[in-house]
Amino acid sequence: MGVATKIRAERKAAVRPALSLLSLDTIIEGDCVAAMRSMPDRSVDMIFADPPYNLQLGGDLYRPEGGRVDAVDDAWDKFDTFEAYDRFTREWLAEARRVLKDDGTIWVIGSYHNIFRVGTALQDQGYWVLNDVVWRKTNPMPNFKGTRFTNAHETLIWCAKSEKARYTFNYQAMKALNDELQMRSDWVLPICSGNERLKNDDGHKAHPTQKPESLLYRVLLACTRPGDIVLDPFFGTGTTGAVARRLKRRWIGIEREPAYVRVARERIAGTLPLDESAMLAVPSKKTEARVPFGAVIEAGLLAPGAVVMDGKRQWRAVVQADASLVCEDGRVGSIHKLGALLQGAPSCNGWTFWHLEGAEGGLTPIDALRQTYRANTPE
């Protein structure tokens, strides 16, 4: 290396200091490409990106009764041409690839408007596609004009940095989260609604495409470990940061819209880590649709670290982040598998076998949490 080349390399490295504890768990306010350029090479373990969808909306959309649909019409989602959008996509993906560790992974979510263009750019830049995951929404927005199928899903592309990367995949955690069945690439989860949907001072949606925490919970639990650094270059109202804090991952958010930054900071400041999370259970009878125990945890109805016991208080177990249970003697399994193992039985209904102790000492079957989930999850 020549002297001039070496000097240029040293100057380039000087503007990319190593990540310090002070730069973690913070929001960088500004353009994502410029912000990532200030970050050191190979410094983050996972990237979750929810880039602009470039929806190409033409005019207002109204409901049958005349109400205007609160759609995505913000300036940040608009690009003059497909070429402009592709150029932007290549720029941020190039910086994302540089800051991602060699064994790290990236998730990109999008709709039919943009995900195929993003997928092409990912492969063109050398990313290795591991899965495309379909998020099927249990409560999608209807197609009010009746001119197309109801758009009821979004697509996530999960990539390693190269074909030979030794990426993290917590297979057993995903299996446990899905009641001891292999986690599939079609995820049925509700869209962000109710109390989780953040509102601004005017009572309107703080962000038009806010993602549900259950989605990020599954993504982070699948391919990161506690202490890993997660980067979200399109931070929005901070769903990634909130879930990362809940799961005890470190995070960096980049967001250029000051209004979103303010909402995200307030939201994350009020998010409790797992061992402090409150259980929000209100038993209710509802439809008997299948609910994995992991869905109850993803929804925040039960926090990992909670202690469950059988109805006679003979056995106690601690709930893990992947929805498995661990006894004091080290035996581990799903709510059903461990219940059967402890009793020496061929099978067990873990929903009625395991209980939670209430404030006054009474026991409540964890099935109450399943009923709460059903009551608050649209079909």
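**View 1. Strands S3 and S5 run side by side in the sheet.** Strand S3 (residues 100-110) and strand S5 (residues 153-160) are antiparallel partners joined over six bridges. Strands count as paired when DSSP finds at least two bridges between them, and helices (H or I, at least four residues) and strands (E, at least two) are DSSP runs numbered from the N terminus. Within this pair, Trp107 stands opposite Trp158 in S5. Before moving on, please note that this is a predicted model, in which local features need pLDDT of at least 70, side-chain atom pairs count only at pLDDT 80 or more, and totals for chains, interfaces and linings use all residues. Residues are numbered from 1 along each chain as its sequence is written, and side-chain values use heavy atoms, with hydrogens and water left out.

**View 2. Helix H7 is largely enclosed.** How many of the eight residues of helix H7 are buried? Seven of the eight residues in this helix (residues 239-246) are, so the rest of the structure largely encloses it. Buried means under 20% relative accessible area, exposed means over 50%, and partly exposed lies in between (1.4 Å probe, protein chains only). The buried residues are Thr239, Thr240, Gly241, Ala242, Val243, Ala244 and Arg246. Their cover includes strand S2 (44-49), helix H6 (213-223) and helix H9 (293-298). After H7 comes Lys248, which has a positive phi, near 65°.

**View 3. Leu122 is a buried residue of helix H4.** Look for Leu122 in helix H4 (residues 115-124). With 0% relative accessibility, Leu122 counts as buried. Not counting residues up to four places away in sequence, Leu122 touches Leu93, Val108, Tyr127, Ile157 and Cys159, where contact means heavy atoms within 4.5 Å. Leu122 and Val108 are 14 residues apart along the chain, and their C-alpha atoms are separated by 9.5 Å.

**View 4. Salt bridges tie separate parts of the chain together.** The whole structure has 19 salt bridges, each defined as a side-chain nitrogen of Lys or Arg within 4 Å of a carboxyl oxygen of Asp or Glu. One of them joins Asp102 to Lys161, with the closest N and O atoms 3.3 Å apart. Asp102 lies in strand S3 and Lys161 in the loop between S5 and helix H5 (171-177), so this pair ties together parts 59 residues apart in sequence. Asp102 is partly exposed at 40% relative accessibility, whereas Lys161 is buried at 9%. Another salt bridge brings Glu154 and Lys137 together (2.8 Å, N to O). Glu154 sits in strand S5 and Lys137 in strand S4 (residues 128-137), so parts 17 residues apart in sequence are tied together. Both Glu154 and Lys137 are buried.

View 5. Rings of Phe, Tyr and Trp (its six-membered ring) pair if their centres lie within 6.5 Å; planes under 30 degrees apart count as stacked, over 60 as edge-to-face and the rest as tilted. Trp92 and Phe234 have ring centres 5.1 Å apart and planes at 85°, so they form an edge-to-face pair. This pair links Trp92 in helix H3 with Phe234 in the loop between S7 and H7, 142 residues apart. Both Trp92 and Phe234 are buried. Elsewhere, ring pairs link Trp107, Trp158, Tyr167, Phe169, Tyr171 and Trp187 into a cluster. The charged end of Arg218 sits over the ring of Trp187, 5.1 Å from its centre. A charge sits over a ring if NZ of Lys or CZ of Arg is within 6 Å of the ring centre and within 35 degrees of the ring normal. Likewise, Lys137 lies over the face of Trp135, 5.2 Å from the ring centre.
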